[in-house]
Amino acid sequence: METLLSTTISGLLMGMLFALVALGLAIIFGVMDIVNFAHGEFLMVGMYAAFLTATGLSMEPLLTLPVSAVICFILGMGSYYLLVRYLLKGPMLAQLLGTFGLMIFIRYLAMAIFGPDYKTLEQGLLIRPSINWGPVMISYPKLGAAVISVTAFGAVYWLINRTRLGMALKATALDVEAAGYMGINTEKMRGLAWGLGGATVGIAGALLTNFYYVFPTVGLLFVMIAFATVALGGFGSIKGAFIAGLIIGLIWDFGGTYVGPEYKFALIYLTYFLVIILRPQGLFGW
Amino acid sequence: MLKVENIEVRYSGVPVIHDVSLDVNEGELISVVGANGSGKTTLLKTISGTLHPTKGSIQFDNEDITRSSTVDIVRKGITYVPEERRIFGPLSVEENLRLGAYILNDNEAIETSIEYVYGLFPILKDRRKQKGGTLSGGEQQMLAIGRGLMASPKLLMLDEPSLGLMPKLVDEMLDAVATLKGEGITILLVEQNVREALEMADRGYVLQTGRTIYNGRGRELLKTDIIKKAFLGI
């Protein structure tokens with residue numbers, strides 16, 4: 001019983017972080033139907049930005065969130081303006097291979113600059129023993145990450161559904177040509193979607209730094225989960241990404257506890273396959 | 001107001017418009033007719049800034065807009081209601097209209113525009129919470145025109161507003177265009193219903209394979225041999 005409760009809580013908290021990692025992918029796909037293969041590397045850059053700021057300036061890791069957000073916002077927007085918008089003029093394959101190339105480029109550039117070592121933060125507000133409520137354990141960093149994830153989702157949801165800018169992003173997502181006829185600068189909206197996608201994954205990276213190792217290929221692990229999350233939730237759906245994140249978090253922890261840690265990934269993808277066989281557009285896709 | 005002079009427009013290198021000139025004066029309803037592939041839609045897309053001419057020039061209110069972006073052209077007061085309507089299907093009627101007023105920052109002006117459009121097309125008011133994609137073809141066309149009016153344009157360009165509508169609705173739609181003309185709105189209309197389009201127009205232009213072959217008063221054009229033979233089957 002205690003294990004069940006602990007596993008559920010841990011799974012939901014982890015799920016919120018998975019959802020936050022996937023959010024940017026969903027935003028970018030939603031606005032322009034392109035899969036950003038370099039998404040995991042954006043996460044990695046966010047992690048290094050947080051780690052280096054926290055250790056270099058002896059700063060509280062939580063305060064590095066805005067730093068990672070800004071750096072990854074610039075990284076996302078820069079990727080759009082310097083690379084992606086040219087890829088859009090080419091065939092579909094160019095878009096796939098283009099962001100794939102960006103992924104390899106950023107990953108091995110990080111390898112060259114930072115070396116392959118695993119680094120970890122030792123001090124911080126969230127880095128402390130778990131909360132124990134009787135037999136139930138709640139991990140501090142995961143709790144912090146979950147709270148900030150929910151906040152970030154709320155902010156993005158508000159931006160997209162309640163603001164003029166959000167309407168323009170939606171219009172660009174639905175019909176880029178018609179959006180242009182409304183006087184919307186669709187090029188700017190796409191750049192912004194990449195910036196926003198970068199910023200949210202940057203925040204996820206900064207949070208992850210509180211309880212996970214930082215190394216150049218760390219993005220690979222999380223991006224595989226993010227792809228499954230976005231596909232499960234329905235490509236481009238913000239709500240879908242959140243709910244799919246929770247589902248995947250639960251599978252992650254339940255699979256790890258009751259089946260065996262080595263089956264986590266297989267279980268996640270098995271669920272994903274079952275869902276897409278029944279509902280190819282994902283849970284909330286259209 | 002609008003002056004298009006000897007433009008050539010290419011689609012991936014191939015000329016679609018060879019030599020078209022056209023002008024629109026304030027308050028006029030101008031109809032452009034021609035067979036499929038004669039370059040009518042390309043002409044409107046070029047004026048809207050989606051495409052740019054390889055030769056010739058376009059002026060609006062004595063300003064050169066030949067190479068202006070769509071955003072600038074909308075801001076200068078030209079809106080384009082595209083062929084096949086291009087409604088934002090998953091968004092509500094009212095959200096679609098508000099997007100039409102995207103360039104306006106003044107909330108009061110936006111509300112005034114919305115009331116104006118609801119006055120013109122009362123059915124849109126009844127359906128304002130409904131998703132655009134769930135409207136009938138005729139209602140979607142009204143929404144598209146209403147959306148094009150939201151920014152209070154100086155020139156409204158309508159691309160085949162009767163396309164895909166059943167005959168009864170075609171007449172209703174063209175009546176609506178006539179109403180807009182009565183309101184003093186300057187309109188550049190592309191239509192496949194040649195007779196009606198030319199009858200209601202102040203002046204008309206006939207395009208053939210990317211060239212202006214005739215222009216003149218609407219009703220007079222209807223009497224020319226080329227129109228009779230090619231479009232009216234008389």
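The model is a predicted one, in which local features require pLDDT of at least 70 and side-chain atom pairs count only at pLDDT 80 or more, while totals for chains, interfaces and linings use all residues. Residues are numbered from 1 along each chain as its sequence is written, and chains are lettered from A and ligands numbered from 1 in the order in which they are written. Helices (H or I, at least four residues) and strands (E, at least two) are DSSP runs numbered from the N terminus.

- The crossing of helix 2 of chain A past helix 8 of chain A is right-handed, that is, the near helix is turned clockwise from the far one by less than a right angle.
- From helix 2 of chain A, residues including Phe42(A), Leu43(A), Met47(A) and Ala50(A) take part, and they meet a set in helix 8 of chain A that includes Gly198(A), Val201(A), Gly205(A) and Leu208(A); contact requires C-beta atoms, placed from the backbone, within 7 Å.
- The residues of this contact divide into 10 nonpolar, five polar and no charged, where Ala, Val, Leu, Ile, Met, Phe, Trp, Tyr, Cys and Pro count as nonpolar, Asp, Glu, Lys and Arg as charged, and the others, Gly among them, as polar.

**Nonpolar core and burial**

- The largest nonpolar core has 162 residues, and those with the most contacts inside it are Leu17(A), Leu23(A) and Leu189(B).
- Helix 1 of chain A gives the most to this core, with 17 residues.
- Such a core is a set of buried Ala, Val, Leu, Ile, Met, Phe, Trp, Tyr and Cys residues joined through C-beta atoms within 7 Å.
- A residue is buried if 20 or more other C-beta atoms lie within 10 Å of its own, exposed if 12 or fewer, and partly exposed in between.
- Beyond its neighbours within four places in sequence, Leu23(A) contacts Ala152(A), Phe153(A), Val156(A), Thr200(A), Ile238(A) and Ala241(A).
- In helix 1 (residues 40-47) of chain B, seven of the eight residues are buried, among them Lys40(B), Leu43(B) and Ile47(B).

**Interface of chains A and B**

- Chain A contributes 13 residues to the contact and chain B 20 residues.
- On the side of chain A that touches chain B, helix 6 (164-174) and helix 7 (176-181) are the elements that give two or more residues.
- Helix 6 of chain A gives the most to that side, with five residues.
- The residues of that side divide into eight nonpolar, three polar and two charged.

**Individual residues**

- Asp33(A) counts as partly exposed because 14 C-beta neighbours lie inside 10 Å.
- Asn62(B), in the loop between strand 4 (55-60) and strand 5 (63-64) of chain B, has a positive phi near 60°.
- Asn62(B) is exposed because 7 other C-beta atoms lie within 10 Å.

Technical notes. Two residues are in contact if their C-beta atoms, placed from the backbone, lie within 7 Å.
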